[in-house]
Amino acid sequence: MTDSWIKVADEGAVADGGLLAVYPCGLGLLLVKAGGTVYAVANRCAHMACPLEAGACDGFVITCPCHDWRFDVRTGAFVEAPEISIPTYPVRVAGGEVFVEL
Amino acid sequence: MAHEARSAALRELFAPLVGALGYKFTPDQELADFLLEQEAVLEETKGAPYCPCQVRTHRREHDMTIVCPCIPYHRAHFDAMRRCWCGLFVHRDVTDPGDLPQIAASELGIEG
Amino acid sequence: MNDPVFVYALSTCPWCRKAKQYFEENDVVFEAVDVDLLADDESDRLADEAFTLSGSRAYPVVKIGAEVIVGYAPERYAQLLGIAT
C-alpha cells in the first residue's frame, strides 16, 4: 500500500450497522459498516456541518441527528437531492485493520 | 439587526447548497435580510432555522422538511414557482423576484 | 360590508404581513391571527384549523367567504372581494 493509505481502526471496532468516528491526520471521518462492508465518509453533514456520528444508520443510509438529512454512505449522495453530497473516501480492510485513502 | 452574525453564517452555509440545486438567494436584499433574521430567531428559540412562512406541526418527520433550505423536500412545487415558498431563494435565472407569485401546491396539482 | 375575511398568519412571514396590509389598504374588514404567537394549545388548534381548510402548512391562509387561498395573492383577493384592480 502507498503512503496515502492510513490505518484508522481495527476491523472489530466497527460493528455492522454501526458508526465510528476517526480522525486520520486530524480529518474528521466516519466509518460505517453496512452490508458487511466498511465505508468512510466525512463526519460532517452537508447541511449545517453537524457531526454525523450521533446519527443513525439504516441499511446504506445515514441520517444526520440535527435535521434528518439522509446520505447514502456508498456514494455520499444526499438521498433527497443527489446534487448535494458529503465526501467519501476509499476503504481497504487488510489483516483485520481498516485503512482509508486520503 | 440583533441576529446579524448568525444570519450571515446561515447565508454562508446555504449558498452552496441552493447553488447545487439550481437556486440562488433572492436579489431582493431587504427580503433576504428579513427572512434570514427570522430564521436566526427561529433557530435560537425553536431549535432550527425553520421556514418563516410554514407552520411547525411538532411531528419531526414533517418539521424537518421545513428546515431551510427546504427545497429538496418541495422540489416540484418550488421548481414550478421558480422560487421557494418564503421567497428567500429563486431559480438561478430569475432577475425580478417581484414577478413570481406564491401559488399553492394544490393549485399546481402538486402534493404539498 | 364585504364577505368575512380571516387571515391565518405567522409573525415571521413577510407575505402574511403583505396580505394584512392589502386588506387594510383596501378598507376590507378582516380578522387576523398570528398563529405562532398564541399559547401552545391555541396555536396548535388554529394551525390544525388552517390545515383542515387549506390542506397546507404554508402561510398565509386567507379565508374569504367560503373560499380559501393559500399564499399572498392580491389578484385573487381582489377578484373575490370585487375590488377593481
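Residues are numbered from 1 along each chain as its sequence is written, while chains are lettered from A and ligands numbered from 1 in the order in which they are written. Because the model is predicted, local features need pLDDT of at least 70 and side-chain atom pairs count only at pLDDT 80 or more, whereas totals for chains, interfaces and linings use all residues.

Visitor: What makes residues 40-54 of chain C a helix, and what span do they reach?
Guide: Helices are DSSP runs of H or I with at least four residues, numbered from the N terminus, and α2 of chain C has 15 residues. From first C-alpha to last, α2 of chain C reaches 21 Å, close to the 21 Å expected at 1.5 Å a residue, where the expected span is 1.5 Å times one less than the number of residues.

Visitor: Which residues of α2(C) are called buried?
Guide: C:Ala47, C:Ala50 and C:Ser54 are buried, a term that requires 20 or more other C-beta atoms, placed from the backbone, within 10 Å of the residue's own, whereas exposed requires 12 or fewer and partly exposed lies in between.

Visitor: Why are these on the same side of α2(C)?
Guide: They cover an arc of only 60° around the axis, so they lie on the same side of α2(C); the arc is that of the directions from the helix axis to the C-beta atoms. The face turned away from that buried side carries the exposed residues C:Asp41, C:Glu42 and C:Thr52.

Visitor: How many residues of chain B touch chain A?
Guide: Counting residues as in contact if their C-beta atoms, placed from the backbone, lie within 7 Å, the contact takes 9 residues from chain B and 10 residues from chain A.

How values were computed: Two residues are in contact if their C-beta atoms, placed from the backbone, lie within 7 Å. Helices (H or I, at least four residues) and strands (E, at least two) are DSSP runs, numbered from the N terminus.
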